[in-house]
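Please load the model in your viewer and keep the sequence panel open beside it. The stops below are meant to be selected one after another.

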Amino acid sequence: MEPADKDLNIGQRPARYARAAPPARILRMTAESRYAGVSAFERLEAAGLRADFDAAAHSRSRSEMVRLLGEVEWAEATWFVDTIITNPRRYGY
């Protein structure tokens with residue numbers, strides 16, 4: 001390394017970008033946090049219900065769509081389903 005490079009700390013990570021140590025404890029997933037921060041479609045996919053939801057959406061079965069979203073704890077199920085049924089093309093149905 002050239003002396004000028006040494007003065008500029010080239011190739012070294014600045015202290016402000018140092019990585020934090022990982023947490024010392026393991027967090028357990030609870031029923032409340034199982035789907036935290038996950039979209040409706042991601043929840044359906046994770047639960048293996050996406051194909052069923054898509055079939056219900058294509059057949060415009062509002063009650064089945066709401067039921068499936070209820071299984072993945074989606075709080076705004078009726079609003080979400082009504083939005084899809086109002087403009088199905090926008091959501092690929």
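How are α4 and α5 oriented to each other, roughly parallel or oblique? Before selecting them, note that this is a predicted model, in which local features need pLDDT of at least 70 and side-chain atom pairs count only at pLDDT 80 or more, while totals for chains, interfaces and linings use all residues. Residues are numbered from 1 along each chain as its sequence is written, and side-chain values use heavy atoms, with hydrogens and water left out.

**The whole chain**

Colour the chain by secondary structure: there are five helices and zero strands, in the order α-α-α-α-α along the sequence. Helices (H or I, at least four residues) and strands (E, at least two) are DSSP runs numbered from the N terminus. Of the 93 residues, 20% count as buried, where buried means under 20% relative accessible area, exposed over 50% and partly exposed in between, with a 1.4 Å probe and protein chains only.

**The pair α4 and α5**

Now select residues 62-71 for α4 and residues 77-86 for α5, which pack at an angle of about 135 degrees with their axes 9 Å apart. Axes here are lines fitted to C-alpha atoms, for helices over the stretch in contact, and angles run from 0 to 180 degrees between N-to-C directions. The two helices are therefore oblique to each other, since angles under 35 degrees count as roughly parallel, over 145 as roughly antiparallel, 65 to 115 as roughly perpendicular and the rest as oblique.

Show side chains next: on α4, Arg62, Met65, Val66 and Leu69 meet Ala77, Thr78, Phe80, Val81, Asp82, Ile84 and Ile85 of α5, a contact being heavy atoms within 4.5 Å. These residues divide into eight nonpolar, one polar and two charged; Ala, Val, Leu, Ile, Met, Phe, Trp, Tyr, Cys and Pro count as nonpolar, Asp, Glu, Lys and Arg as charged, and the others, Gly among them, as polar.

**The buried face of α4**

Stay on α4 and select Met65, Leu68 and Leu69, which are buried. Seen down the axis of α4, these buried residues fall within an arc of 100 degrees, so they line one face of the helix; the arc is that of the directions from the helix axis to the C-beta atoms. Their cover includes α2, α3 and α5.

Centre on Leu68, which counts as buried at 0% relative accessibility. Leaving aside residues up to four places away in sequence, Leu68 touches Leu44, Leu49, Asp52 and Phe53. The C-alpha atoms of Leu68 and Asp52 are 8.0 Å apart, although 16 residues separate the two in sequence.

**Helix α3**

Select residues 50-58, helix α3, where the buried residues are Phe53, Ala56 and Ala57. They cover an arc of only 100 degrees around the axis, which puts them on the same side of α3. Among the elements covering them are α2 (40-46), α4 and α5. Just after α3, inspect Arg60, which takes a positive phi of about 60 degrees.

Finally, move to Val72, in the loop between α4 and α5. Val72 is buried, with a relative accessible area of 0%, and touches Tyr35, Arg43, Leu44, Ala47 and Leu49 when residues up to four places away in sequence are not counted. End on Glu73, which follows α4 and has a positive phi near 60 degrees.
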